[in-house]
Amino acid sequence: MNTIDQESAVLNDLAKIRSAFPILHQQVNGKPLIYFDNAASNQKPISVIQALEHYYKHDHSNIHRGLHTLAERATVAYEESRKAAASFINATESDEIIFTKGTTEGINLIASTFGRKFLVPGDEILITTMEHHSNIVPWQMLCEEKGLELKVLPLLDNGEANWSQLNSMLSDRTKIVSIVHASNSLGTINPIKEIGEKAHKVGAIMVVDGAQAAAHLDIDVQHLNCDFYAFSSHKMYGPTGVGILYGKRKWLEAMPPYQGGGEMIKEVSFDQTTYSDIPHKFEAGTPNIADVVAFKTAIEFIDRIGKKAIIKHENLLLDYASKALTRIDGFRIIGTAPEKVGVISFVLEGIHHFDLGIMLDAKGIAVRTGHHCTQPLMECYGIEGTVRVSFAIYNTIEEIDILVKSLESIVNRLRS
Ligand code: PMP
């Protein structure tokens, strides 16, 4: 299929895509399920579910150490996923891919290894106000341990970072710049390549939290020229419990191991232990083999549809929903940056976001409510939380129409 055919396949054949997701075809509270909580975790196509089943029915064994056939099959399948992950983000080589539990563990790994080894008291780490707690707390912990300073770039009202302040916040003390590629609360897409160039000029490394970008944007780590890129399988139609950390070879080789144990060693004696080469140096113990193996099927699912078609479809949903929802009395979107992924966070005047979440759930509509693990961001907007609607490839315009009607009826009922 060429790209244009692929695009029409999504736009004209949503029913076929939806039919690949068994979970979507159910009633929740007596209504057909509408799943708009994709930024928290999206649903899994049947191919991924079957890949898990197939692995456990036919191929399971522990990896890397065995000589028997199943050990070999499991090892090959696990390493094939590494290759698929590398090619998905255009890494130079699959050795630059480390499997973790998720984005959170990826960032913690960088803080615990790179951070502990290379940062000294007085050094600085720069983040923005829109970061997820997993791109704040690991750095705070490191700062406390090593006497570093965490600097936070403020936002503009529309939810873009105030990049005009970037130059003045960077200095030769800045050692790590760690920024979210796409914000889970605002949808804002950040200009990673440009920020990275500035970070590199002062000698800092560029770390990217790609949790919300991997399934929704084209990712090319060589083009971005970032030093690390962390993301999670469960937000990209893949299994839970699998994270992917890309790191440039030169850093991974220079960094000490993250955890000690089996799998990450060359030789152990009581006098001296030598470590495996990358990536195994960072994968101590038995990893989450089955989910890593099935993650490759999730990548194949995304690749079959194509990022271009995905972006086009999700942008269509974002535009349509942003306009339709804004017509509701008292509705306000938090995060109106010009470049956004399919995330709409909103507040409705006079109605608590938790109440809205519960009332929408009663109508079969799943949305997320609260601070979305971005409490400092909420504080910056002077709110406690929002309702967040987030899209995936299987969402439809009809679902948005039902959401708008449901919100209107809730508003009318509560305000009458
Ligand atoms: N960063 C962002 C922007 C996220 O949205 C999330 C998940 N909500 C994370 C990091 C953490 O991802 P995980 O829970 O998969 O480790």
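The whole structure, a predicted model, contains zero disulfides, a disulfide being a pair of cysteine sulfur atoms within 2.5 Å.

Cys-143 is buried, at a relative accessible area of 8%, while Cys-373 is partly exposed, at 32%. Buried means under 20% relative accessible area, exposed over 50%, and partly exposed in between, with a 1.4 Å probe and protein chains only.

## Packing of H5 and H6

Helix H5 covers residues 103-118 and helix H6 residues 137-146; helices are DSSP runs (H or I, at least four residues) numbered from the N terminus. The two pack at an angle of about 25°, with axes 9 Å apart. Axes are lines fitted to C-alpha atoms over the stretch in contact, and angles run from 0 to 180 degrees between N-to-C directions. H5 is therefore roughly parallel to H6, the term for angles under 35 degrees. The crossing of H5 past H6 is right-handed, that is, the near helix is turned clockwise from the far one by less than a right angle.

In H5, Ile-107, Asn-108, Ile-110, Ala-111, Gly-115 and Arg-116 meet Pro-138, Trp-139, Leu-142, Glu-145 and Lys-146 of H6 (contact: heavy atoms within 4.5 Å).

## Basis

Residues are numbered from 1 along each chain as its sequence is written. Local features need pLDDT of at least 70, side-chain atom pairs count only at pLDDT 80 or more, totals for chains, interfaces and linings use all residues, and side-chain values use heavy atoms, without hydrogens and water.

Note on methods. Parallel < 35°, antiparallel > 145°, perpendicular 65-115°, else oblique.
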